[in-house]
Structures are given as C-alpha cells and as structure tokens.
Amino acid sequence: MKRILISLYFGVSIFAIAVGQELLTVQHAVEIALENNYDIRLSQNLLLAAKENKTYGSAGMLPNATADLTQNNSIQNATQLQNSGVERSLDNARNNNLTYGINIGWTIFDGLGMFARFEKLQELEKQGELELKRTILATVGDVITVYYTIVEQQNLLSALDSSILISRERLRTAENRFSIGKAAKLEVLNVQVNLNEDISARLRQIETVKNLKTMLNGILVRDLDIDFTIDTKVSIDRSLVYGDLFERADRFNPDLQIIILNRKLAELDMQEIKSARYPTVRLNGGYNFSRTESSLGFVAQSNSKGLTYGLTASVNIFDGLNQRRNERVAKLQIDNASLQIEQQRLAVKTGLKTAYETYLTNIELVKLERKNEDIARQNLDITLAKYTIGSISAVEFRDAQENFINAISRFNAAQLQAKLSEIQLKELVGQIDF
C-alpha cells in the first residue's frame with residue numbers, strides 16, 4: 001500500500017508541475033538553439049562572408065575599369081627664349097590641362113597566381129563550413145548536456161518529494177505511538193528534524209533545477225524566465241563500436257578536417273608565392289579626351305580624343321632575396337600543417353579511446369545502479385512496514401530512507417554520465433544524432 005502511495009505521489013507531483021508549462025523535448029531544444037544561438041549565427045555570417053568573397057574578381061582574374069578625370073591649372077610669370085632669338089614674357093600666364101576618359105586594365109598572366117588565389121577562396125569557404133559545423137556540434141553538445149543534467153536533477157527532486165511524503169507518514173505514525181504511550185517524545189522530535197531536513201534539501205534542489213533551466217534558456221537565447229517541463233526519460237545509445245567510431249572520426253571530426261584544410265591553404269600560399277618568379281603581363285586600353293590651354297606658347301589651345309591601348313610586361317629580377325625567403329617560410333608552413341595533422345589525429349584517437357572506455361564503464365554502472373535502486377526501494381518498503389508496527393527504530397528507518405534517496409541519486413548520476421559519454425563520443429566523431 002505504501003509503495004503504491006509513493007508511486008502515486010510521483011505521478012501526481014509531475015502532473016502538477018506540468019500543468020500550464022511548455023513541454024520541452026531535447027530535440028526541440030536543439031532546434032531552438034540552431035535558430036537562435038549567437039555563436040551559430042556568428043559562424044553563419046562568417047560563412048556567408050566567405051561565400052561572397054569567392055569570386056573571380058577577388059582572385060584578380062577579371063579586368064578592372066576606371067573613369068578618370070584630371071584637371072591641372074597654373075598661374076605663372078613666364079619667360080620664353082625662342083629659336084629665332086626672340087624673347088617673350090608674360091606675367092600671370094594661365095595654363096590649363098583637362099584630361100578625362102575611361103581606362104581598362106586586365107592582368108592576363110601572373111604566373112598562375114590568380115588561379116591559386118581563386119582556389120584558396122574556395123577552400124576558405126569550405127573552412128567556413130567546417131567552422132560552422134564545429135560550432136553547431138559544440139552548441140548541440142552543450143544543449144544536450146544541460147538538458148540531461150536537468151533530467152537528473154528533476155528526477156532527484158521527485159525522489160525528495162517522495163521522501164518528504166514518507167517523512168510526513170513517519171511523523172504521523174510517531175505522533176500516534178507517542179499519544180498511546182508506545183514511543184517517547186524524543187522519537188517524535190527526531191522524526192520532525194528529519195522531515196525538516198528533507199524539506200530543506202528539496203528547497204535547495206528546486207533552486208538547482210531553476211538555475212539549470214535558466215542556463216538552458218540562455219543557450220537557447222530566449223527569455224530566461226520561461227519555465228518548462230522536460231522529458232525525464234533518458235535513452236542511451238548502447239550500440240557504439242570503437243572501430244566504427246574511429247573510422248568516422250578520421251573522416252568527419254571537424255577539428256581534424258580544419259587542420260587538413262589548413263595544409264591545403266598553405267600549399268596554395270606556396271603556389272601564389274612561386275608565381276612571382278614569372279612575368280606579369282597586363283593589357284591596357286582606354287578612350288580619353290584631353291584639352292590644353294596656354295597663355296604663352298606656340299599653341300594657345302589644343303583638343304584631342306581617341307583610343308589608347310597597349311601591353312605591359314614585368315618580371316622580378318632581384319628583390320633583395322625576399323622571394324627565396326618567402327618560399328622557404330611557405331615550405332615551413334606546409335611542414336607545420338602536416339605535423340599538426342598527425343598531432344590532431346593522435347589527439348582525436350586518444351580522446352576517442354578514453355571516452356569509449358568511460359562510455360563502457362558508465363553503461364555497466366547504469367545496470368548496477370538500476371539494480372541497487374530496486375533493492376533500496378524494496379528495502380524501504382519492508383522497513384516502512386516494520387516501522388509501522390513498531391518492530392524497528394526510527395533511526396533504522398531513516399537509514400533505509402536515506403539509502404533509497406542515495407540509490408536514486410546514484411542511478412540518475414550514472415544515467416547522466418552514460419549519456420554525456422555517448423554525446424562526447426559522437427561529438428568527437430562529428431555526428432550527433434537523436
């Protein structure tokens with residue numbers, strides 16, 4: 001009967017909390033975070049910027065056209081000695097020169113540097129995608145971690161609620177025994193102290209749950225005062241296999257993929273630097289208008305217009321050995337990127353190995369603590385029945401009651417740690433699912 005009463009109390013208390021509140025599932029929480037989280041939105045904007053920069057123009061592959069206007073004026077005291085021996089002078093002689101038109105320039109060859117720059121822009125877009133993926137994985141991991149921490153603490157709160165119910169029943173029983181002379185006043189006082197301890201623990205637990213909900217609302221970037229209920233069921237993926245995880249991590253781990261991409265960028269930097277060894281060829285053309293006015297000279301005014309075109313070519317002959325230095329530095333950057341790839345691979349393998357061992361241990365702990373909870377519950381039922389008929393002391397019953405709460409706490413903690421181990425493994429792999 002008492003066991004039924006405890007189970008009913010669990011159900012009624014959870015139902016009372018749920019009335020008028022939003023039910024927030026872990027998947028819904030992740031969806032809200034993907035839409036609102038600041039880190040994700042910042043990464044999305046950086047990716048959009050990388051996409052905007054990926055153009056032929058940014059790589060220097062397209063011609064550039066400019067509209068130019070130049071106006072030069074002067075007022076001078078001038079003296080001219082002509083070939084005929086005649087000397088001419090004029091104070092405040094005005095000279096005006098106006099040139100305007102459209103000019104076009106197009107680099108048609110720069111040692112293939114423009115192609116290296118365009119490919120680099122493509123790789124930078126991929127880098128933006130990987131950075132966004134890494135941010136999403138980290139954010140989803142944070143959401144799931146906080147969510148299931150709330151689940152753990154909410155389950156513990158429910159256990160404390162049932163403990164208070166039991167303590168109230170103990171107090172009623174102790175008072176009845178005292179009223180008929182079968183128990184001392186001291187027993188009633190001890191039970192009252194135990195009840196107050198349970199109520200105090202419940203208040204602290206309520207605070208913990210509220211603070212965790214505030215933290216989750218902050219990650220979801222929504223009103224911090226929004227209250228909600230959660231799905232207290234914890235589903236743990238027990239099918240993870242180390243060999244499969246390692247293979248997927250080598251392919252999809254975002255940190256590793258970013259470092260591999262950094263080596264590609266270093267190789268493209270080397271190509272761009274080597275392009276300076278080759279000539280740069282540029283086509284030039286334009287259509288210009290020119291007008292010149294001179295107060296002193298053979299020609300008082302002249303006007304011209306027409307097409308200009310040509311070709312310029314230049315090659316670096318000597319630049320203080322900077323070209324050689326730049327290529328050596330670029331080679332070192334490539335070597336460093338290769339070392340970083342091996343370093344990150346080892347870090348991923350190490351993290352995956354330790355996380356997988358922790359995952360296996362936590363799975364076993366969940367099984368063990370579930371059994372312990374069942375045993376503690378049965379022990380509490382038996383102890384409660386004995387206490388009711390007065391065959392055991394209040395101290396013995398309190399021990400059974402505390403064992404019951406501790407068993408629930410350990411079981412919830414084991415479930416949380418197992419779930420967090422699962423999420424950590426999937427985050428290392430780069431693929432978190434539900």
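User: Is glutamate 187 buried or exposed?
Analyst: In this predicted model, glutamate 187 sits in helix 5, residues 185–220. Its relative accessibility is 15%. Buried means under 20%, so glutamate 187 counts as buried.

User: Which residues is glutamate 187 in contact with, leaving aside its neighbours within four places in sequence?
Analyst: Contact here means heavy atoms within 4.5 Å. With neighbours within four places in sequence left aside, the partners of glutamate 187 are Ala174, Arg177, Tyr387 and Ala394.

User: How far apart are the end C-alpha atoms of helix 4, and what span should its 67 residues have?
Analyst: Helix 4 covers residues 113–179. At 1.5 Å a residue, its 67 residues should span 99 Å. The end C-alpha atoms agree with that, being 98 Å apart.

User: Which glycine follows helix 4, and what is its phi?
Analyst: The residue is glycine 181. Its phi is positive, near 85°.

User: Where do the buried residues of helix 2 fall, seen down its axis?
Analyst: Helix 2 spans residues 26–36, and its buried residues include Val26, Ala29, Val30, Ile32 and Ala33. Seen down the axis, the buried residues fall within an arc of 160°, so they line one face of the helix.

User: What covers the buried residues of helix 2?
Analyst: The cover includes one strand, strand 1 (22–24). Helices also contribute, among them helix 3 (38–53), helix 4 and helix 5.

User: Is leucine 311 buried or exposed?
Analyst: Leucine 311 lies in strand 6, residues 301–314. At 54% relative accessibility, leucine 311 counts as exposed.

Methods
Residues are numbered from 1 along each chain as its sequence is written. This is a predicted model: local features need pLDDT of at least 70, side-chain atom pairs count only at pLDDT 80 or more; totals for chains, interfaces and linings use all residues. Side-chain values use heavy atoms; hydrogens and water are left out. Helices (H or I, at least four residues) and strands (E, at least two) are DSSP runs, numbered from the N terminus. The expected span of a helix is 1.5 Å times one less than its number of residues. Buried means under 20% relative accessible area, exposed over 50%, partly exposed in between (1.4 Å probe, protein chains only). The arc is that of the directions from the helix axis to the C-beta atoms.
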